[in-house]
Amino acid sequence: MCLAVPVRIVSIEGTNAEVEIGGVRRQVSLWLTPEARVGDYVLLHTGYAITVIDEAEAEQTLKLFEEMATIDEAH
Amino acid sequence: MKLIDEFRDVKLGKKLIAKIHQTSTKPVKLMEFCGGHTVAILKHGIRQLLPPTIEMLSGPGCPVCVTANADLDKAIALAKLPNVIITTFGDMMKVPGSYSSLQEAKAQGADVRIVYSVHDAVDIAAVNPQKSVVFLGIGFETTAPTIAASILEARQNGVRNFHVLSLLKLCPPVMKALLDLGEIELSGIVCPGHVSAIIGSHPYEFIPEQYKIACVISGFEPLDILLTVDMLIEQIERDKPTVEIAYRRGVKPEGNIHALKLIEQVFEADSANWRGIGAVTKSGLKIRKQYEHFDAEKVFPIVSAPVREAKGCLCGEILRGVKTPHDCKLFGQTCVPEHPVGPCMVSSEGACAAYFHFGASHE
C-alpha cells in the first residue's frame, strides 16, 4: 500500500512529469514535490512523486556498506 | 535498475549479517511496523539469516488490513447506492466486510472500478458528470497527501461530483496505542520508510523517550533492512535508544514539508477504528469543514447493518504482533488468497498473504 519506487524525471510540464523506470515511461503528478527537476530521481507512489531522492545520501549509504565490509575483513 | 540493484548486493549483505551476528548478544523482539517490510523480510529470507537472539514480529502497518469491518461495510453500502461509481485501489476488492465484499457488490451490479491513483478517480468524475464518483481513501501518511492534492485539484478544476470516503490513518498514534496495550515486550521498531518520507523522523521521538525502545527508519531493499537491524541492535546493545534514519536517500528528518502542508490544509486529526486495536484518538484523518462537499460521509446517507466479525479469524491479534499466521487454524486451510476470510490474507502486504506466498517457516 505504501509501496513507492525510484523513477527518473525525463520532462516536466506544469504539475505533471514524464518519468522513466526500466525503459517504461509514464505520467506522474508533481503536486507533492514542486522542487523536482528534470534528471532527478523521485519516489513514485500511486501516481504521485512523494519525495525527491537524495542521490548523495544514497552514495553515502553505499559507501558505509563498503566501509563496514572492510572493517569486518580487517578483524 | 539504479537505486534498487545496488541495495541488493549479496556480498555486502553477507558482511552485514556477519556483523549483526557478532554484535547481538541479548535476546530481543523487533517489530517491523510496515507490511511492505514484512513482505521484503520474508521474500528475501532475512529472518532465517539473523541470529537466534533476534525475533522479528509483524506489525499493524497494512492500511487494508487495519480497516475495520464497520468502515468496509460503509464502503459496500455506498457502492449499492444508485448513480454512484466507487473507485478504489485493487487491494480492497476482495476484503470481506461483515456480509460481503466490494467484488461481490460489483458482481451484483454495483459500479466499482479499480484505479492506480486517486488522480484517475478525479478523471473518471470529470467524464461522468451525471454520476457521483467516490474514492475509497484507504492509506497512511504516504497516501494522505495524494488524496489532499486530488481534492484541491478537483476543486480547482470544478469537478464537483468527486468525493472521498476518508479512512486514512496515522502511524505514530497507533504505535503509541500498541505500546500502551503492553502485550509485547519490544526492544526495537523498524519504522516505516515511505510514511516517514512524508512525516520525517521527529514524530517517533516519543518512543525512545517514553518507552525506551530503539527506532530506525528503513528502506525496502534487503541491504536497507539489514542495515536497519544492525543499527537497532547497536542501539539496544549500548542501551541508548533513539530515532535514526537508515533510509537517508528517501527520508529527511523534517519529512516532506510541502506534502504535510497539503494534509493540514484538507484534513484534521480524528478518532479512527483499527482492526484488532479499536478506536484510537487522533489516529485518523477526516476532511475539514471547508471541503465537506468532497466528503462522502457528509454527502451520502450511509446506512449499514450491524457489524459482524469472521469466526476464528486472528487478523486482529496478528496485527498487534501477539500471534503469527501459523497460530490461526484457518490459515492455509479455509483462508487462502483466492478465498480470504480476513484482510491479512487479501492485501499483498498482509502478514498472512506474505507468509502464504513466501512460505515463512514455523518459528
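This is a predicted model: local features need pLDDT of at least 70, side-chain atom pairs count only at pLDDT 80 or more; totals for chains, interfaces and linings use all residues.
The pairing of S4(A) involves strands S1 and S5 of chain A. Strand S1 (residues 5-13) of chain A pairs with S4(A) in the antiparallel sense over four bridges, and A:Val7 has A:Val42 as its bridge partner in S4(A). Strand S5 (residues 48-52) of chain A is also joined to S4(A) by four bridges, and these two strands run antiparallel. In S5(A), A:Val52 stands opposite A:Val42. A hairpin is formed by S4(A) and S5(A), with two residues between them. Within the turn, A:Thr46 adopts a positive phi of about 40°. Strands of a sheet pair through backbone hydrogen bonds, in either a parallel or an antiparallel manner.

In chain B, an open sheet of five strands is arranged in the order S2-S1-S7-S8-S9, with parallel pairing. Strand S2 (54-61) and strand S9 (243-245) of chain B stand at the edges; each has a single partner strand, so one side of each is left without a neighbour in the sheet. On average, neighbouring strands of this sheet are turned by 20° against each other, direction ignored. B:Val216 has B:Glu244 as its bridge partner in S9(B).

Helix H2 (residues 35-43) of chain B lies across strand S1 (28-34), S2 and strand S7 (188-191) of chain B, and runs at about 120° to S1(B). H2(B) also packs with helix H16 (residues 351-358) of chain B, which is mostly covered, six of its eight residues being buried. These buried residues are B:Ala351, B:Cys352, B:Ala353, B:Ala354, B:Tyr355 and B:Phe356. They pack against H2, S2 and helix H15 (315-319) of chain B. Just after H16(B), B:Gly359 takes a positive phi of about 55°.

Two packed helices are described by the angle between their axes and the distance between the axes. For H2(B) and H16(B), the axes come within 9 Å and cross at roughly 15°. The two helices are therefore roughly parallel to each other. The crossing of H2(B) past H16(B) is right-handed. H2(B) contributes B:Thr38, B:Val39, B:Leu42 and B:Lys43 to the contact, and H16(B) contributes B:Ala351, B:Ala354, B:Tyr355 and B:Phe358. By class, the contact of H2(B) with H16(B) has six nonpolar, one polar and one charged residues.

The contact between the two chains takes 42 residues from chain B and 30 residues from chain A. On the side of chain B that touches chain A, the elements giving two or more residues are helix H1 (10-23), H2, helix H4 (63-66), helix H7 (118-127), helix H8 (144-156), helix H10 (193-199) and helix H13 (257-266) of chain B. H1(B) gives the most to this side, with five residues. The residues on this side of chain B divide into 22 nonpolar, 13 polar and seven charged.

B:Leu3 lies in the segment before H1 of chain B and has a phi near 70°, a positive value in a residue other than glycine. B:Leu3 counts as buried because it has 20 C-beta neighbours inside 10 Å. B:Asn83, found in the loop between helix H5 (69-79) and strand S3 (84-88) of chain B, has a positive phi of about 60° although it is not a glycine. With 10 C-beta neighbours inside 10 Å, B:Asn83 counts as exposed.

B:Ala310 is placed in the loop between helix H14 (296-299) and H15 of chain B. This residue has 18 C-beta neighbours inside 10 Å and therefore counts as partly exposed. Not counting residues up to four places away in sequence, B:Ala310 touches B:Pro96, B:Val341 and B:Gly342. B:Ala310 and B:Val341 are 31 residues apart along the chain, and their C-alpha atoms are separated by 6.8 Å.

How values were computed: Residues are numbered from 1 along each chain as its sequence is written. Chains are lettered from A and ligands numbered from 1 in the order in which they are written. Two strands pair if DSSP finds at least two bridges between them. Axes are lines fitted to C-alpha atoms, for helices over the stretch in contact, and angles run from 0 to 180 degrees between N-to-C directions. Two residues are in contact if their C-beta atoms, placed from the backbone, lie within 7 Å. A residue is buried if 20 or more other C-beta atoms lie within 10 Å of its own, exposed if 12 or fewer, and partly exposed in between; C-beta atoms are placed from the backbone. Ala, Val, Leu, Ile, Met, Phe, Trp, Tyr, Cys and Pro count as nonpolar, Asp, Glu, Lys and Arg as charged, and the others, Gly among them, as polar. Angles under 35 degrees count as roughly parallel, over 145 as roughly antiparallel, 65 to 115 as roughly perpendicular and the rest as oblique. A crossing is left-handed if the near helix is turned anticlockwise from the far one by less than a right angle, and right-handed if clockwise.
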